Amino acid sequence: MFAKTLEVGSYYTDAHMSVIDPAKQAAFQAASDAPTKLAQAVSKAADTYRVQGSRAAAACVYSLLAAAAKAGAWSGRMPTFQGTYVQNWTLSGVAMAYLKVRQSGVGTREQDAAIQRWFSVMATQVRAYFDAGAPNPGSDAWNNHIYWAGLAVAAEGIADDDAKAFRWGMDMYKRGVDSIQPDGSLVAEMYRAQMALHYHLYALGPLILLAELGEANGLDVYAEDKGAIHRLVKFCVAGLDDPSLLEKRTGVKQVVTLPYGGSDIGWAVPYVRRFPDPHLSSLIAKATSVRYTSWGGAPPE
């Protein structure tokens, strides 16, 4: 089940990375099945612990993560950029889930130490990849992927009590909000043609989760860059209400799957707790789910 690296490739076929090849997507899903299932199982068990107080569920989280840590699962330098993305999403999902159970008293000192070392190794790989791309503003170090990297590394930093890692993650939040245009859009995500709405939402999710981690650790993150994140929220909500707004900007009809699910709207759960908005709450109520594996299952309380 566990391997050091992943041989996975992209499933998009066009320059905008917006048209999916079903066969390539199926191959990607098969190749990334193991880390995906681990993150799903860990996040589900962590949420069961949070909701029901089940010590057995918390123990399940520890057991799964300790086994992966012992094997050094997916902690190597990935041979493809898509492999690094999966490594990144896996780390963000399992680290956020771990934070939900680490105060349960269920895990042993040895388990905590092993899991935290494993997180640190994966985070080092993620940081190295995106730091290498940072000098190129057109690279994936300047789009939604870097926000997911920020979430993964910030969560690892909290789990490992690593202030430098946490700061790196929060710096990626700043990179994101500094990229928000006056109208609330993101240039890199607008480039994604028929997937522009999807990728604006996919960028917003980790940014909100990063803001929540920052706020929980004493930082006034939502105020960064004069509250730019609120412009992105308004832009995304307008797109959810009327995808044709992005069609007019991109020149192509947006790919929309209704009803909206966790990756589309789950970020709004913590957001509306801080910034009440009846309309946004109504969108949450219509969603099929607010859970998303790559941020650890249920959005943070």
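**Salt bridges and where they lead**

Guide: Let us start with aspartate 33 and lysine 37, whose side chains meet in a salt bridge (a Lys or Arg side-chain nitrogen within 4 Å of an Asp or Glu carboxyl oxygen), here with 3.4 Å from N to O. Please keep in mind that this is a predicted model, in which local features need pLDDT of at least 70, side-chain atom pairs count only at pLDDT 80 or more, and totals for chains, interfaces and linings use all residues. Numbering starts from 1 along each chain as its sequence is written, and side-chain values use heavy atoms, without hydrogens and water.

Both partners sit in helix H2, four residues and about one turn of the helix apart; helices here are DSSP runs of H or I, at least four residues, numbered from the N terminus. Aspartate 33 has a relative accessible area of 31%, so it is partly exposed (buried is under 20%, exposed over 50%, partly exposed in between, using a 1.4 Å probe and protein chains only). Lysine 37 is partly exposed too, with 48%. In general, side chains of opposite charge can pair when their charged atoms come close.

Aspartate 171 and arginine 167 form a salt bridge whose closest N and O atoms are 3.3 Å apart. These two lie four residues apart in helix H7 (residues 163-178), which means that about one helical turn separates them. Aspartate 171 is partly exposed at 35% relative accessible area, and arginine 167 is partly exposed at 41%.

Now for a pair that reaches across the sequence. Arginine 249 forms a salt bridge with aspartate 183, with 2.7 Å between the closest N and O atoms. Because arginine 249 belongs to helix H11 (residues 244-250) and aspartate 183 to the loop between H7 and helix H8 (187-190), the pair ties together parts that are 66 residues apart in sequence. Arginine 249 is partly exposed, with a relative accessible area of 45%, and aspartate 183 is partly exposed at 39%.

Elsewhere, salt bridges with shared partners join Asp47, Lys100 and Arg291 into one network. Follow Lys100 from there and you come to the second largest pocket, which has a lining of 22 residues, with Arg50, Leu99, Lys100, Pro300 and Glu301 nearest its centre. (A pocket is an open set of points on a 1 Å grid over the protein atoms alone, where a 1.4 Å probe fits, with protein on both sides within 12 Å along at least five of seven lines; lining residues have an atom within 4 Å of a point.) The second largest pocket holds about 550 Å³ of space, counted as the volume filled by probe spheres set on the grid points.

H2, the helix we began with, gives the most to the lining of the second largest pocket, with four residues. H4, H9 and helix H13 (268-274) are also among the elements that each supply at least two. Sorted by class, this lining has 11 nonpolar, three polar and eight charged residues, where Asp, Glu, Lys and Arg count as charged.
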